Amino acid sequence: MITLALSKGRIFEETLPLLKAAGIEVLENPETSRKLILPTNQDEVRVVLVRATDVPTYVQYGGADLGVAGRDVLIEHGGDGLYQPLDLRIARCRMSVATRDDFDYASAVKQGSRIRVATKYTEIARQHFAEKGVHVDLIKLYGSMELAPLTGLADAIVDLVSTGSTLKANRLIEVERIMDISSRLVVNQAALKLKRERLRPLIDAIAAAIPA
Ligand code: ATP
Ligand code: MG
């Protein structure tokens, strides 16, 4: 059996065409089914639905042989025990720093003042500000980061941005782009050795279907 870990929503939707190109069709719709294990048209392949941030953990410990996870999630997880053969170029967005439109970020950074940054992505934020030599107090949040600068919880946030409309609706501006984000295929290292004859052709077929 080959087990593929996916999260519901955009990753599931955008991975479907890649699976289809590899001859795999998921037989149930996660939006209407309550099942967490979905069969496919191939008896030997199943999909497990997990939280986006849990995908690397399932694959690392062998709960799934492979999975699809955002670069953001992989950096925060650390990537231990994971082979990352493919950038699938799906679920694309960017990681950015945003502030209230009346906050002078450039001056705060130039003056070397300590800034308070709220984020779900503490590892990415820590690395980014360390490289810039900016002193930050990081505040870990689990959702709605846009609210932090509006309530005075933080001066800035580090968050994913795609169109920028959520920032705009909350009078926030993107003051710095940290990195481009897309989702990657991750494979359990032991599974790649033990199930190589089944996994290698699957990885190759997915690779051939990645959008240019
Ligand atoms: P939840 O929304 O259930 O709290 P999540 O935010 O971790 O969970 P998704 O919103 O499905 O899960 O995001 C999954 C991945 O898709 C993220 O890790 C990121 O790589 C990418 N992503 C997030 N937001 C966007 C976006 N607006 N546009 C494109 N890709 C995105
Ligand atoms: Mg989300």
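**Inside the largest pocket**

Mentor: Arg-10, Asp-72, Lys-120, Tyr-121 and Leu-160 are the ones nearest the centre, out of 38 residues that line the largest pocket. (A pocket is an open set of points on a 1 Å grid over the protein atoms alone, where a 1.4 Å probe fits and protein lies on both sides within 12 Å along at least five of seven lines; a lining residue has an atom within 4 Å of a point.) Keep in mind that you're looking at a predicted model, where local features need pLDDT of at least 70 and side-chain atom pairs need 80 or more, while totals for chains, interfaces and linings use all residues. Residues are numbered from 1 along each chain as written, chains are lettered from A and ligands numbered from 1 in written order, and side-chain values use heavy atoms, without hydrogens or water.

The volume comes to about 1,000 Å³, counted as the space filled by probe spheres set on the points. (Helices are DSSP runs of H or I with at least four residues, strands are runs of E with at least two.) The top contributor is α3, with four residues. Sort the lining by class and you get 15 polar, twelve nonpolar and eleven charged residues; Asp, Glu, Lys and Arg count as charged, and Gly goes with the polar set.

Domain 1 covers 2-91 + 182-209, and domain 2 covers 93-180, with bounds from an automatic or database assignment. Each of the two supplies at least three residues to the pocket lining. Their C-alpha centres sit 30 Å apart, and six residues of domain 1 are in contact with eleven of domain 2, contact meaning heavy atoms within 4.5 Å.

As for the whole protein, it has nine helices and eleven strands, and its C-alpha atoms fill a box of roughly 60 × 35 × 30 Å along the principal axes. Of the 212 residues, 43% are buried (under 20% relative accessible area with a 1.4 Å probe on protein chains only; over 50% is exposed, in between is partly exposed). Take the contacts between residues at least 6 apart in sequence, and 67% of them join residues at least 24 apart.

Ser-7 has a relative accessibility of 6%. Leaving out residues up to four places away in sequence, Ser-7 touches Phe-12, Val-50, Arg-51, Ala-52 and Val-55.

Next, have a look at the loop between β5 (82-87) and β6 (93-100), where Arg-89 lies. Arg-89 isn't a glycine, yet its phi is positive at about 60°. Ala-91 lies in the loop between β5 and β6 too, and Ala-91 also has a positive phi, near 50°. Most residues other than glycine have a negative phi. Arg-89 is partly exposed at 31% relative accessible area, whereas Ala-91 is buried at 12%.

Finally, the charged pairs. The structure holds ten salt bridges (a Lys or Arg side-chain nitrogen within 4 Å of an Asp or Glu carboxyl oxygen). Lys-132 pairs with Glu-176, with the closest N and O atoms 2.5 Å apart. That pair links distant parts of the chain, 44 residues apart: Lys-132 belongs to helix α5 (residues 122-132) and Glu-176 to strand β10 (residues 172-181). Lys-132 is partly exposed at 36%, while Glu-176 is buried at 17%.

Asp-204 and Arg-200 form a salt bridge as well, at 3.6 Å from N to O. They're four residues apart in helix α9 (residues 196-209), so about one helical turn separates them. Asp-204 is partly exposed at 42%, and Arg-200 is partly exposed at 24%. Another one joins Lys-35 to Glu-28, whose closest N and O atoms are 2.9 Å apart. There, Lys-35 is partly exposed at 43%, and Glu-28 is partly exposed at 26%.
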